[in-house]
Amino acid sequence: MTDPNAHVVILGAGHAGGTAAALLRQYGHAGPITMIGEEPIAPYQRPPLSKAWLKGEADAESLALKPLEFYAEAGIDFRANLRGEALQRTAKTISLSDGSSLNYDVLILATGARPIVLNIPGADLSGVLFLRSAADAEALKAALRPGVRMAVVGGGYIGLEAAASGRALGAEVIVVEREERLLARVACEQLSSFFQDHHEQHGVRFVLGASVTGFAGEGGRLTGVTLTDGRTLSCDVALVGVGAVPNDEIARDAGLECARGVVVDLQARTSDPAIYAIGDVTHRPLPLYDRMFRLESVPNALEQAKQAACAITGRPAPPAETPWFWSDQYDVKLQIAGLAFDVDRILLRGDPASGKFAVFHLKGDRLQSVEAVNAPPEFMAGRQFIQNRKPISPEKLANLAVSMKEVGA
Amino acid sequence: MAKITYIQHDGAEHVVDVKTGLSVMEGAVKNNIPGIDADCGGACACATCHVYVDEAWREKAGTASAMEESMLDFAENVEANSRLSCQIKVTDDLDGLIIRMPESQH
């Protein structure tokens, strides 16, 4: 356990960093806590930025993880508009972007990930947007109104959620995806085709199997996206959502062990015992799947914030959780539990045409992952089966007449 | 504004004023009250904001939607007065509400 009076510095004030700060106080850490954030505002929830917030159904106050006064009241020194530039691990100091430096006893790296930037002509035109921060979301929201033509580059979750919100705001939306199907890296084929149909019913158009080779513009303003086949799709705004990369440079430069992100253990500890890393920036163990992986999700950020706060305050390590994800598009609630590693059998439960179904991914008689569309019982039960490594009967699972409670009985 | 009493599983009580329009979950999370995790931030996607509504307040707190019911169905230690606190909107009528928390949300 760390000295209860230790100075904990949290680099990064996103969902992971903000949660770690709050949990440290909940768990009784008495020493000073400093939280450094690159953005101008206190930690907030990012998921609604592409969903409820974009559609105008949530305000800035509801996005905030905690009210601003919380940090002062809890004795958390929150400093905005600051970045960490370099780590001196022997001296336990961190150099900041304003030229100052800060001493730490314990450091938590919560630097997150950043959107991949397309290195193609026209990428700097006004109207080429990303969606990661509240400022990004403000710019997108300001651009979306009835009749505006939006091209979404990348048919992943961010792109599809923004497409759905764009349609709700009356924009014309076309999605360009490099792969032959949507959500190719993150979901099964049944889900891809379900979401494509659903978006098409809501007026979204798709160009699949095509890459964007450049952005066309006039007077510094975007006018279209150019595709590999030579076509240019006219548009007023382009949202680029082609994945993210971890902000792990500061850790790499300081010689911390890194792979696809900063390598941590199940207590979120890096290769330096005084430094923890949490959230999107980490390459972490997945004990249920017996491998290391980088996850980009809120549940992952929360789980690791808890791991670090427990380790720092001398609490027992929390049990490993089953990774999970969710997405809201139109009237569709998608909930995913687990990861589809080493799958040898895929089972469909329910009829996609009914708008309510689940896809189960099995390895032998063990459930590895479930993708549930408007099907909370399948998600909730599936998550428990994965967590408990419970052998299940594929026949029962595929039979809608057998309830999920009975499947698990 | 409504005064809400949140009682942790170990008996620790937290009494806070929660703004009308927020959810009972947000009232706990924004005041850093332990015991409600709310992993999904109120999207009714995770069932980690499970609470027990004091018997005297059950009617005023309303009833669970079909989506909420089916999530609760698979939560741990569910009782007749179980709710997902992200789905209870705070109104002036809920001034005095008493909420108890389960031992764990995971």
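Here are legends for a few close-up views of this predicted model. Residues are numbered from 1 along each chain as its sequence is written, and chains are lettered from A in the order in which they are written. Because the model is predicted, local features need pLDDT of at least 70 and side-chain atom pairs count only at pLDDT 80 or more, while totals for chains, interfaces and linings use all residues.

**View 1. Domains 1 and 2 of chain A meet here.** Ten residues of domain 1 touch 13 of domain 2 in chain A (contact: C-beta atoms, placed from the backbone, within 7 Å).

**View 2. Helices H1(A) and H8(A) cross right-handed.** Helices are DSSP runs (H or I, at least four residues), numbered from the N terminus. The axes of H1 (residues 15–26) and H8 (residues 298–313) of chain A come within 8 Å and cross at roughly 35 degrees. Axes here are lines fitted to C-alpha atoms over the stretch in contact, with angles from 0 to 180 degrees between N-to-C directions; right-handed means the near helix is turned clockwise from the far one by less than a right angle.

**View 3. Chain B contacts chain A.** On the chain B side, 15 residues meet 22 of chain A. Helix H3 (residues 66–72) of chain B supplies the largest share of its side, three residues.

Notes
Contact = placed C-beta atoms within 7 Å. Helix = DSSP H or I, 4+ residues; strand = E, 2+ residues; numbered from the N terminus.
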